[in-house]
Amino acid sequence: MATIEECRAALEKLSDNMRHAEGDVGAAAAMDRSVSCHITDLDITFVGRMRDRRITVHDTVQGPPPEKAQIRLAMAGDDLVALVDGELHFAKAWGSGRVKLEASLLDLFRLRKLL
């Protein structure tokens with residue numbers, strides 16, 4: 001089971017990857033949205049903002065997200081680490097229910113290029 005520190009490091013790596021993205025992926029990464037990532041097996045949520053091709057984590061809270069972010073992710077810590085490391089394909093994980101993503105329809109269309 002991934003630790004809180006490993007999950008935070010995975011989000012930082014994702015943020016770094018987004019910063020260097022180009023083309024359609026770069027455009028998707030440039031959105032300005034509130035973000036939450038609930039790590040279900042640790043029952044913690046990283047709360048932050050996606051802006052300027054980066055994800056900035058502002059807080060880590062116990063339990064599910066305290067407020068509804070514009071982009072909401074939920075998954076096990078190991079799945080977050082595997083996704084960011086390229087060992088787990090997002091579409092397959094989402095389709096099987098291992099990863100949950102909630103956002104507006106327009107944001108989902110933009111995010112599909114990023115994920």
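Asp-32 and Arg-49 meet through their side chains in a salt bridge, with N to O at 2.7 Å; the term stands for a side-chain nitrogen of Lys or Arg within 4 Å of a carboxyl oxygen of Asp or Glu. Asp-32 lies in the loop between helix H2 (23-29) and strand S1 (33-39) and Arg-49 in strand S2 (residues 44-51), so the pair ties together parts that are 17 residues apart in sequence. Helices (H or I, at least four residues) and strands (E, at least two) are DSSP runs, numbered from the N terminus.

This is a predicted model, in which local features need pLDDT of at least 70 and side-chain atom pairs count only at pLDDT 80 or more, while totals for chains, interfaces and linings use all residues. Residues are numbered from 1 along each chain as its sequence is written, and side-chain values use heavy atoms, with hydrogens and water left out.

Asp-32 is partly exposed at 35% relative accessible area, and Arg-49 is partly exposed at 23%. Buried means under 20% relative accessible area, exposed over 50%, and partly exposed in between (1.4 Å probe, protein chains only).

The structure holds eight salt bridges. One of them joins Asp-85 and Lys-13, whose closest N and O atoms are 2.9 Å apart. Because Asp-85 sits in the loop between helix H3 (77-84) and helix H4 (90-95) and Lys-13 in helix H1 (residues 4-19), this pair ties together parts 72 residues apart in sequence.

Asp-79 and Arg-98 also form a salt bridge, at 2.5 Å from N to O. Asp-79 is in helix H3 and Arg-98 in the loop between H4 and strand S5 (100-102), 19 residues apart. Asp-79 is buried, at 10% relative accessible area, whereas Arg-98 is partly exposed, at 43%.
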